[in-house]
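These are my notebook entries on one protein chain. I set down what I looked up, entry by entry.

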Amino acid sequence: MSTSSPPCTAAEALARLQEGNERFIQGRARFPTVQKEVLAELAKGQQPFATILGCSDSRVPPELVFDASFGELFVIRVAGNVLGPSILGTLQYAGSHLHTPLFVVLGHEGCGAVEAAIGSRFHGSRQKSRIELLLEGIVPALEGLDGTQPPAKLLHQAVEANVRHTVRTLRETPEAQAREREGTMKLVGAVYELQTGRVRFLEPNG
């Protein structure tokens, strides 16, 4: 069931993610199981309140991180949370058919794909052919970073730079520009901290 009326505003959706992440951190997650009645209702259609583009890393499942139940998040996962034709098509579907008010690009500390892109950009490392294609979506985000700084600091900066690069790329699409002008959609970047479980939402120009 698709509808042109989103379940909440973008600001309300972002608050729900932040509140859910806080419950997750504090061990107070609400959804250990789902009632059959809920599943039966969801079988009729979906109306997620947020779309998440995240990394495939097994340690960062968005539904758990944000304490979200079935039907609440539309999740796209790919190594390094990079864009590509199929990813862009899925995001376009989320906007034009599901009308989610909030889009989040979710990176995470210690990302292996970003680390591989650092190796490619600064050290001439090479990967298997299809991984190289994946890294092509990350390497441009590393421009302007100091490759001589300590590896941990560089990876921290690169993870955030990769998220911001993806957000900028999405923000330049005609659909995103139109919906942001209308005030019907918000696009934000975020980084998940592996050791604490906290999601740090990035300031737009920080």
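**Entry 1: Asn81**

I looked up Asn81 and found it in the loop between strand 2 and helix 4; helices (H or I, at least four residues) and strands (E, at least two) are DSSP runs, numbered from the N terminus. The model is a predicted one, in which local features need pLDDT of at least 70 and side-chain atom pairs count only at pLDDT 80 or more, while totals for chains, interfaces and linings use all residues. Residues are numbered from 1 along each chain as its sequence is written, and side-chain values use heavy atoms, with hydrogens and water left out.

Is Asn81 buried or exposed? I noted a relative accessible area of 2%, so Asn81 is buried. Buried means under 20% relative accessible area, exposed over 50%, and partly exposed in between (1.4 Å probe, protein chains only). Asn81 is not a glycine, yet it has a positive phi of about 40 degrees. Most residues other than glycine have a negative phi.

I turned next to helix 4, which has 14 residues. From its first C-alpha to its last it reaches 19 Å, close to the 20 Å expected at 1.5 Å a residue; the expected span is 1.5 Å times one less than the number of residues.

Which residues of helix 4 are buried? I listed Ile87, Leu91, Ala94, Gly95 and Leu98. Seen down the axis of helix 4, these buried residues fall within an arc of 125 degrees, so they line one face of the helix. The arc is that of the directions from the helix axis to the C-beta atoms. On the face turned away from the buried side, I found the exposed residues Pro85 and Ser86. The buried residues of helix 4 pack against strand 1 (50-54), strand 2, strand 3, helix 7 and helix 8 (174-182).

I recorded for His99 a positive phi of about 55 degrees, although it is not a glycine.

**Entry 2: The nonpolar cores**

I then looked up the nonpolar cores, each a set of buried Ala, Val, Leu, Ile, Met, Phe, Trp, Tyr and Cys residues joined through side-chain atoms within 4.5 Å. The largest has 36 residues, of which Leu91, Val114, Ile118, Ile138 and Leu187 touch the most other members. At least two residues of this core come from each of strand 2 (73-77), helix 4 (85-98), strand 3 (102-108), helix 5 (112-123), helix 7 (151-171) and strand 4 (186-192). Helix 7 supplies the largest share, eight residues. Another core lies apart from this one and has 20 residues, including Val60, Leu73, Leu102 and Leu106.

What does Ile118 contact, leaving aside neighbours within four places in sequence? I found His123, Leu142, Leu154, Leu155 and Ala158; contact means heavy atoms within 4.5 Å.

I located Tyr192 in strand 4. Tyr192 is buried, with a relative accessible area of 5%. Tyr192 and Leu106 are 86 residues apart in sequence, but 7.0 Å apart in space, C-alpha to C-alpha. Not counting residues up to four places away in sequence, Tyr192 touches several others, among them Phe24, Arg59, Leu106 and Glu109.

I followed that list to Glu109, which lies in the loop between strand 3 and helix 5. Glu109 counts as buried, at 16% relative accessibility. With neighbours within four places set aside, its contacts include His156, Val159, Tyr192 and Arg200.

**Entry 3: Helix 1**

I noted that helix 1 (residues 10-25) has 16 residues and reaches 23 Å, close to the expected 22 Å. Its buried residues are Ala10, Ala13, Leu14, Leu17, Gly20, Asn21 and Arg23. The cover over them includes helix 3 (62-65) and strand 5 (199-201). Gly27 follows helix 1 and has a positive phi, near 75 degrees.

**Entry 4: The whole chain**

How many helices and strands does the protein chain have? I counted eight helices and five strands. From the N terminus on, they run α-α-β-α-β-α-β-α-α-α-α-β-β. Of the 206 residues, 44% count as buried. Among contacts with a separation of 6 or more, 71% join residues 24 or more positions apart.
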